[in-house]
Every structure is written in C-alpha cells, then in structure tokens.
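Reader: I am new to this structure. Please show me how to read its features, starting with the spaces inside.

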Amino acid sequence: MKTINRLSLCGCFFSVLLFLLHQQMVSAQLPTADLRQIRPFAASAGKTVKMSVIGSNLDDASELRFSHPGITAKPVMLPADDIYPKPRIQGSQFEVVVSDDVPPGIYEVRAVSYFGLSTARPFVVAPADSQEVDETGKNESRETAQSIEVNSTVTGNVPSRGIDWYRFKAKRGQRVLVELVAERVDSRLDGQIVVYDSEGREISRNRDWYGRDPFLEIQSEQDQEYFLAISDILYRGGSEYFYRLSISDRPHIDFVFPPAGEPGSRKVYTVYGRNLPGGSLGNAVSLNGQKLESIEVEIQLPEVATPPASFQPWKPRQGILNGHEFQLENSNSVSIGFATAPVTLESAGQKTQTVAVPVEIAGQFIEPNEEDVYQFQAIKGKTYWIEVIADRMKSKVDPYLEIYQVTKTKEGEVTRKMVAENDDLPSFFSTDNKDAINFDTVDAAASFTADANGLYEVVVLNQFGGGSPAHIYRLAIREPTPDFQVFASTERTLPTNRTGYSVTPLLRRGANWGVRIVAPRQDGFTGDITITAEGLPPGVTANPLVLSGKTDRGVLVLAADPAAKRWAGEIRITGKAQINHKEEVREAKFASLIWGHIFSDSIRVRSRLTTRIPLAVNEDEEAPVMITPVEDKIWAVELNQKLEIPIQLTGNGSRKGNLTIEPNELFGLLRGPPTVNIGEKETEGTLVIDFKPNGNFKIEPGQYQFALMGVGVTQYRHNLPASEAATAEVKRLDALIEAIKSDVELTKSAAEKSKSTLEQVKQNAEQLKQAQAAYDTALKANQAAKDRLKRAETALTQVTNKAKSTEKKAAAADNKFAAWSKLITVNVTKPAEKK
C-alpha cells in the first residue's frame with residue numbers, strides 16, 4: 001500500500017501536560033504497607049532461598065503470600081532460650097520454598113504485617129534446570145568482565161554511574177539471543193545492552209525492545225568471544241536497579257500472524273522468531289536487519305475470550321486485552337488475541353483492499369510512513385464501528401483512523417467526504433491530575449451511521465512512522481458489539497499534587513475506603529453496569545455501584561463496622577450488565593502504580609495490573625472521622641439547579657483543623673469541585689453542588705453515584721500496640737534481671753560457702769574431693785548466672801532502644817488522611833417545562 005508523510009498529531013502533549021499541572025485538594029491515607037523490594041527476586045523450581053523484604057510500614061511482618069500455592073514461606077525464627085521463652089521472628093527474613101512443580105514464570109508476593117497486605121512485587125520462578133548465576137560485583141570494567149556461558153541467566157544490579165561487564169564465547173553460526181529483564185520485574189532500570197567483539201569493536205546495541213527492556217541477537221561467522229556492557233541509559237544505579245540477563249540459543253518468538261482468531265476456532269498461524277524448532281528462513285522476513293525463521297502451527301483457541309491469567313507486566317489496557325497464551329517448547333510466551341469478527345489478512349501490495357463486513361483485518365505496516373486503505377459496502381441506516389488494536393497488543397504502532405464516504409458522479413468523478421476520524425480512545429487520566437494510574441491506550445476507534453447505501457473507505461496509519469513486519473495491527477469493521485471491561489485501583493497522592501504512590505486498601509474500624517472503578521465501554525455500550533465486591537470478610541460491606549448510561553468511572557466504597565476484626569486476604573470485584581438480553585459478568589483487574597513518581601513525568605509513569613485484589617482490616621486502629629449525609633435517601637435535583645447535601649461527622653476526637661469535603665468520582669465533574677470546610681470543633685456542614693452544565697461539569701439528566709471524600713489532619717499514633725508490647729518487654733526483662741541478680745547473689749553465696757567448706761576439710765582426702773566438686777559446681781552456677789545477667793542486660797538495652805523508638809513513632813503527631821462517605825445516589829432530571 002502507498003507510503004505517505006504525516007506529522008504526528010501528539011506533538012503538543014508535553015505542553016498540554018504541563019499546562020494541566022496545578023494545585024488541587026488531593027487524597028492522602030494513613031500508613032499502609034509498601035513492599036519496595038525482595039532479595040532475591042528469583043529462584044529455580046525445587047529450590048529453597050532465604051528472602052529479605054525491604055519497604056516501609058512493614059511493622060511486625062509475619063507472612064509472605066505468593067500468587068501460586070506452590071510457593072510458600074515462613075519467617076526465619078530465633079530459637080527460645082533462657083532470656084526469651086518463645087521463638088522470635090528474626091528481622092525481615094523469610095525462608096521461601098518453591099515446589100518443583102511450579103511452572104516457570106513471574107508470580108507476585110505480598111507481605112502481611114500490622115498494616116495489612118503490602119503492595120505486590122514480582123518473583124521469578126526459573127526452570128528447575130536453569131543455569132542461574134549471581135553477579136560477582138567485581139565486573140565494573142571490560143578487563144574484569146564476568147565470564148558466563150551461553151544458556152545461563154545472571155541476576156544482578158547496576159551500580160550508580162557504572163556499567164556491568166560480561167564475556168561469553170559463541171560458536172560459529174550459533175544464533176545467540178541476549179535479553180535483559182528489568183522493567184518487567186518492577187526494576188527502576190531503563191536498561192541498554194552494548195555488544196563488543198574480542199577486538200573491542202562495537203557490533204550491536206539495543207534498548208526499549210520489550211517496553212524499556214532491551215533484546216538483541218548475535219550471530220557470529222566464527223568462534224569468538226563477545227563482551228556485554230549493561231547499564232541504565234542515564235547511568236543511574238543501586239539496589240533498585242536490578243535485572244536478569246539471559247544469554248541463550250533457545251527458541252524465541254517475535255510475533256505470530258495473524259495476531260488474532262475467533263474464539264473456539266482451530267486455524268493455522270505463522271510463527272516468526274529465532275531458533276524455532278522446525279523453523280525455516282523461507283519467508284524472507286527480516287527484523288532490524290536480522291532474518292526471522294517461520295513455522296506454521298495449528299492452534300486451537302478456547303471457546304470463551306478471556307484475558308491472560310498469568311502475570312502481566314504491561315500497562316493495564318495491554319494486560320487486560322483478551323488473549324490466549326502460546327509458546328513453542330521452551331520459548332517465550334506470546335498472546336494470540338480473540339477476534340470480534342471473521343479474520344482476513346491484509347493483501348500486501350494493493351493500493352486499496354476491498355473487504356466484506358463484518359471483518360477483522362490482520363494488518364502490518366511493513367514500510368515506514370505506510371498508509372493502509374480498505375473499502376467496504378455500507379447499508380443505509382446501519383451504524384458501523386471501526387476499531388484498531390495495536391498498542392494494546394504491545395505493537396509499536398500509534399494508529400490514526402480516517403473514514404470517508406466515497407461517491408461517484410455520473411461523469412465518473414470520485415469524491416471522498418470524511419464522516420469520522422479518531423486519534424486515541426477516551427482518556428481516563430483525570431484532568432485535575434488527582435489520578436496517576438495509566439488506564440489509557442493510543443489505539444483508535446470511531447463510528448458512523450451510513451446515510452446512504454454505498455462505498456466507504458477506512459484509512460489507517462501509524463503516527464510513530466516506523467515500519468517492519470512486526471508493526472502489526474488488528475482493524476475491526478463491524479456493527480456494534482457492545483461490551484465492557486472493569487478495572488479497580490487505589491493510589492495515594494500527596495499535597496503537592498505532583499507525586500503519587502501505590503497503596504493497598506486498609507480498613508480501620510469504622511472506616512470507609514474508596515476504590516476507584518474504571519469501566520471502558522466498547523462500541524458505544526450504554527447499559528447499566530453494576531459493580532459489586534465479593535469475598536469480603538465479616539464486618540466489611542460494600543453497597544453496589546451502578547454505572548448508568550455513558551458513565552464509565554466511579555468509586556466503590558468498602559466499609560468496616562466499628563467491631564471489624566483483623567483480616568488480610570483477597571477479594572473479587574465484578575461488573576454485571578445486560579447485553580443482548582443476557583447477563584454478562586466481567587471480573588475486575590486491579591491496577592497499581594509501580595513506584596512513586598513525579599507527575600510531570602507522567603509519560604514515564606509506570607502502572608500495571610496485579611494478579612489479585614488485596615484488602616486488609618486493622619482492628620487496633622479506628623477511623624479518625626466518619627462522613628455521613630444527614631439523610632439516607634436517593635437525592636433528586638433538576639438540571640441547572642443546586643443540590644444541598646447536609647453532612648454530619650462522627651469520630652474519635654483526634655481530628656485537627658478543617659475537614660475539606662468534596663464529591664469524589666461524580667461523573668462529568670472535571671475540575672474545580674465544590675467543597676465545604678467543617679471546622680475542628682464542628683460536626684455539621686452542607687455541601688452545595690450546582691448541577692448546571694459548563695466547561696468543568698459535563699452533566700446531563702440521569703442517575704449518578706459518588707461518594708463524599710474528606711481530607712484533613714488527625715493526631716495519629718503509629719502502631720501503638722508495638723510500643724505497648726516493647727514497653728511490656730522492658731518490664732519483663734527488668735523483672736527477669738532482678739531475678740537473675742538475686743540468682744547471682746545466691747550462687748555467689750553458695751560458692752563462698754562451698755569455699756569455706758573446702759578450707760575446713762583439707763585433711764580429709766575423700767571430703768576434700770567432694771567439697772572441691774561442690775565448689776566447682778557453685779562457681780559454674782555463679783558464672784552462668786553472671787553470663788545470663790550480662791545477656792539479659794544486653795537484651796534489655798536492645799529492647800529499651802526499641803521501646804524508645806516505637807514510643808517515638810507512636811507519639812501523637814499530625815498526619816494527613818482521607819475519608820469517604822458511603823455511596824450517594826442522585827437522580828438528575830430534566831428542567832420542568834415553563835408554562
């Protein structure tokens with residue numbers, strides 16, 4: 001198809017982003033557990049490793065929970081002794097056992113502590129026969145490069161302003177693949193690989209092949225030694241810049257074509273890659289100057305289209321795309337999508353391809369700046385949806401769509417009238433920058449209703465401009481196929497409104513927690529979506545959230561009653577809707593930020609799906625405030641009128657200053673939400689919401705649900721039970737030391753008495769022998785008591801220091817917090833007709 005040159009339509013992204021940054025009221029939370037790093041982060045199946053956990057608010061960490069039941073852990077314990085009568089957890093170390101039947105892959109681990117379930121981190125399980133190597137740490141130069149073998153994997157981390165060097169030998173004609181896994185296991189490393197030959201000449205380099213992770217191939221014409229330089233692109237480094245470097249000649253799949261098939265179908269696909277079993281170079285496909293092998297494989301797709309069940313390190317919209325995971329022998333795994341219409345292949349070389357709808361076209365941008373054109377016959381009055389999937393299947397394509405009506409006059413003159421165009425699907429980034437998790441995609445979709453029978457034309461192009469056989473896309477042209485997806489997420493943003501952090505829901509007694517819900521709708525679906533939570537522990541409830549009409553986001557409020565007990569586990573959140581007179585259920589995927597971030601760098605902010613939805617209850621702390629509308633009812637307001645919601649507050653009296661309350665996730669409200677401030681000594685206030693449509697409030701008649709969210713300051717005491725336990729331990733050791741001192745005196749007295757007896761029986765050999773034994777025993781007992789006293793005093797010093805530390809942390813201090821009301825339902829009606 002023909003080649004064109006076009007300017008990218010997203011050149012002003014950064015200026016728009018910077019323009020949007022401004023100060024707003026933002027949400028904050030009391031302490032929650034954050035697992036930042038695990039060491040080691042990988043182990044072979046069948047192995048046992050000692051793992052350290054590093055993070056914040058991991059007080060009293062007692063468990064590790066893995067997403068596979070075959071991976072178990074128990075804390076490393078100090079044995080009981082005469083000072084400590086019970087075994088104690090040794091710091092933050094765990095013994096992790098990986099069963100030999102755990103399939104190779106990436107799993108997740110969370111720590112369980114006083115502050116509930118932590119954030120999740122990836123844990124890699126390698127095959128049982130994997131040749132695992134640890135970085136020596138002495139490979140900072142070419143001269144000290146660490147020697148490794150092909151078909152081995154190195155685990156390491158790059159030093160700040162440094163480079164890790166490796167060397168290996170390749171055989172003539174051997175196709176060696178070098179891959180760095182870092183971003184995909186939550187490393188901060190933005191890695192690059194540079195390859196040098198034995199003479200020091202650079203022969204290859206790569207970055208950003210799989211996201212930020214590099215991959216390259218080395219194929220030598222002779223037996224030769226090669227050197228690898230591994231670094232961060234900005235030469236950052238440290239313990240959080242870790243990686244797994246794989247050097248192998250194992251099978252590797254680059255892509256599969258077509259990239260999708262109909263659910264339940266069994267068809268032949270062409271697999272392209274390197275070192276493929278049974279593969280050949282017959283198709284003459286090249287990628288980055290390297291020829292790919294290919295092999296045709298018959299693949300059976302499941303009857304039901306579902307997202308992949310495995311760990312997905314990609315952006316949320318990429319991770320939730322329906323797909324079937326496929327691999328050849330011990331190759332990497334790739335996802336084959338589920339098509340929404342019969343699949344046809346792009347006809348390469350045609351200027352314009354005619355297709356019959358409904359259809360899903362498997363296309364490729366072989367050449368840079370290529371424009372693909374498809375024509376089809378439309379029927380008057382029918383609505384057609386045109387959708388491109390590329391970014392969501394991790395193709396390096398930013399699609400742009402144009403749709404034209406093509407007419408021909410009696411004189412033969414052809415005219416093209418644009419009827420629709422689209423750049424990106426609707427964004428779920430909030431315009432006020434309060435939410436940072438990336439639910440967006442650069443894929444495109446558009447619709448139109450044919451106003452006449454006739455010919456229509458779809459033009460699709462790649463705004464990134466690149467081209468190769470791997471620049472694949474799926475173009476669906478069909479009548480509407482209504483559907484939806486569901487995401488759940490929580491995050492903590494700070495007062496500067498430029499930074500954000502991932503959190504997991506932790507309910508204190510009497511508290512509510514707002515879980516953000518995002519439900520992308522497909523093909524204009526406008527039916528009600530009912531969001532519910534399942535598997536909640538006793539004492540925790542959640543009223544259903546209904547997303548009505550066009551509403552595609554909201555907040556699901558989890559509520560703990562004042563008597564809720566400690567709990568940590570996983571829950572399910574589902575969305576249900578009637579589609580074509582059938583109830584469809586979609587399980588929500590939980591999305592999380594990977595690291596804290598600076599929001600102005602949001603294009604580089606990383607967020608991904610987690611395998612489960614976590615929840616915990618803390619029974620030792622209570623909510624600083626509860627927000628409740630004075631009336632429990634369905635509210636009603638006419639469009640263009642104001643709604644007054646009287647509010648009452650209850651709480652434990654620890655609140656300081658004003659509590660600022662605003663509507664949270666009121667659909668259509670873009671920025672500048674109305675607020676009410678309720679003073680420290682006050683318990684009532686009224687929030688006024690003006691339901692008049694304007695540039696900041698895209699409101700129309702319908703039913704809406706939202707929560708009230710208050711942000712304030714409380715006098716918070718951090719893990720008071722730990723401080724109380726440490727104080728009690730000091731008292732116990734004080735009493736023990738007094739008892740040991742008494743024992744020291746008693747044994748000293750016994751020794752002195754034995755010594756006196758010894759002096760008295762010097763003339764009697766038999767009595768002397770007995771007296772000497774008694775004296776020796778008394779001396780040993782006295783020394784043992786002295787030793788025990790010394791150990792007890794050392795323990796007391798340690799526990800006293802711990803008590804001082806925990807007491808200091810538990811001292812009442814100002815802490816920002818966020819609180820939610822339960823869901824509020826408002827019916828917005830049309831204005832009354834004027835008489």
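**Cavities and a sheet**

Author: The second largest cavity holds about 80 Å³ of space. This is a predicted model, where local features need pLDDT of at least 70, side-chain atom pairs need 80 or more, and totals for chains, interfaces and linings use all residues. Residues are numbered from 1 along each chain as its sequence is written, and side-chain values use heavy atoms, without hydrogens and water.

Reader: What is a cavity, and what is a lining residue?

Author: On a 1 Å grid over the protein atoms alone, a cavity is a set of points where a 1.4 Å probe fits but cannot get out; lining residues have an atom within 4 Å of a point. Points join across faces, edges and corners, and the volume is the space filled by probe spheres set on them. Here, the lining of the second largest cavity includes Arg65, Glu108 and Thr611. β7 (105-113) gives the most to this lining, with 3 residues. Strands are DSSP runs of E, at least two residues long, numbered from the N terminus.

Reader: How many residues line the largest cavity?

Author: The largest cavity has 15 lining residues; among those nearest its centre are Leu30 and Pro624. About 160 Å³ of space lies in it.

Reader: How do strands of a sheet pair?

Author: They pair through backbone hydrogen bonds, parallel or antiparallel. Two strands count as paired if DSSP finds at least two bridges between them. β56 (residues 642-651) is joined to β59 by 7 bridges. Ile645 has Leu687 in β59 as its bridge partner.

Notes:
Helix = DSSP H or I, 4+ residues; strand = E, 2+ residues; numbered from the N terminus. 1 Å grid on protein atoms, 1.4 Å probe; cavity = no way out; pocket = protein on both sides within 12 Å on 5 of 7 lines; lining within 4 Å.
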